[in-house]
Amino acid sequence: MSMKSRIDTILAEGTAGGAAAGVVAGVTNADGDVYLGGFGERVAGAGDAMTPDTVGWIASMTKAITGAAAMQLVEQGRLEFDAPASAVIPDLGEVPVLEGFDDDGTPRTRPARIPITLRHLLTHTSGFVYDIWNEDMVRYQEATETPGIIECRDACLTTPLTFDPGERWDYGIGIDWAGKMVEAVSGQKLGAYLEDHLLGPLGMSDTAFRISDAMRARLAKIHMRGEDGSLAPQMDLEIPQEPEFEMGGGGLYGTVGDYLSFIRMILNRGRANGERLLAPETVDMMCRNQMGDTLVRELKPAIPPFSNDAEFFPGLPKTWGLTFMINAEEAPTGRSAGSLGWAGLANSFFWIDPAKGIGGAYLTQVLPFIDSGSFPLYLAFEQAVYENLA
């Protein structure tokens, strides 16, 4: 069976069986797309087909794009990788470490022992975390009335660290601060910088923080499961369209086809459409472990409606590059050791396999993260790609 026939069957059966209301998936090599298909509905029960040009919230798939922007500025000498980030954003020199809580619930903090650097921010070793996977941060935000990151207010970024920079890996808002660093040295809003230096040159015309009218006409809605497992659309669940800051860690909307263009640029070591966007050595650096012996850990939900237990390929050691997870051993799907990947909260996923010269992206709009239906469907899609290559 051809790759197209096999993937079409898997995704059609998956959406028909309720794994997702709709899904778009695509595969690319260094030369161009080799698969792109859409199945199911953009909004369950509404009748609009989930076509390959469907727009969705790609959430934390934004991080790799923001990271690439930061690395462009490192190449130009406008950002320094291992210098104190406070030289660019003074507030980053004042972030304390949360040590615990007094008996009355008041947070107890101390000064950080080590300065935060861009490396820490891009590798999730800064000490910043997300409330979704950290009970102490939920408690801190409740005690201080600090809004969650999804509100895209500047106050969302005023949370403390939960450990000293460089001490370990924990997933959090560091890349939102990296986006602020891009803005500080470029003099542009993050979205404008991305459009001028990455999205535009890559031809990613359907990817942006602000949903244009043309994008909204093809927008899929986020769904959540009821107690019976059925999916219902959440019509008002959307990233603020007039944000105080553009969320470099998770604010982009886009299409799978657009994201394949970004993947292809990485496979081509920084070149796209006849233009060099990153130096080959920079891409090689992004694709290598940047946090030593530290390993990526499982994420345990502190806010269950938004995530299940989250870990890719349990039992396999995983490190972090700039800004990708890297599996240190071959994955069960066939993904080569040293491949790159990550995901978005609403169950979108991507991977890049430099060894085999292939990558892919998958978009559904389902919560919680690592959904019991959508995540296995993604893994089946990825495995089908590798079985076809064998």
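**View 1. Members of the largest nonpolar core.** The largest nonpolar core of this predicted model has 120 residues, of which Leu11, Tyr259, Phe262, Ile266, Phe350 and Phe381 touch the most other members. A nonpolar core is a set of buried Ala, Val, Leu, Ile, Met, Phe, Trp, Tyr and Cys residues joined through side-chain atoms within 4.5 Å; buried means under 20% relative accessible area (1.4 Å probe, protein chains only). Helix α8 (residues 256–267) supplies the largest share of this core, eight residues. Helices are DSSP runs of H or I with at least four residues and strands are runs of E with at least two, numbered from the N terminus. Residues are numbered from 1 along each chain as its sequence is written. Local features need pLDDT of at least 70, side-chain atom pairs count only at pLDDT 80 or more, totals for chains, interfaces and linings use all residues, and side-chain values use heavy atoms, without hydrogens and water.

**View 2. Surroundings of Phe262.** Leaving aside neighbours within four places in sequence, Phe262 is in contact (heavy atoms within 4.5 Å) with Ala64, Ile65, Ala68, Leu202, Met204 and Phe324.

**View 3. The open sheet of seven strands.** The strand order is β2-β1-β15-β14-β13-β12-β11, with antiparallel pairing (at least two DSSP bridges between two strands). β2 (33–40) and β11 (318–320) are the edges; each has a single partner strand, so one side of each lacks a neighbour in the sheet.

View 4. β11 and β12 (residues 325–327) are antiparallel and share three bridges. Thr319 has Ile326 in β12 as its bridge partner.

Terms used. Buried < 20%, exposed > 50% of the residue type's maximum accessible area, 1.4 Å probe, protein only.
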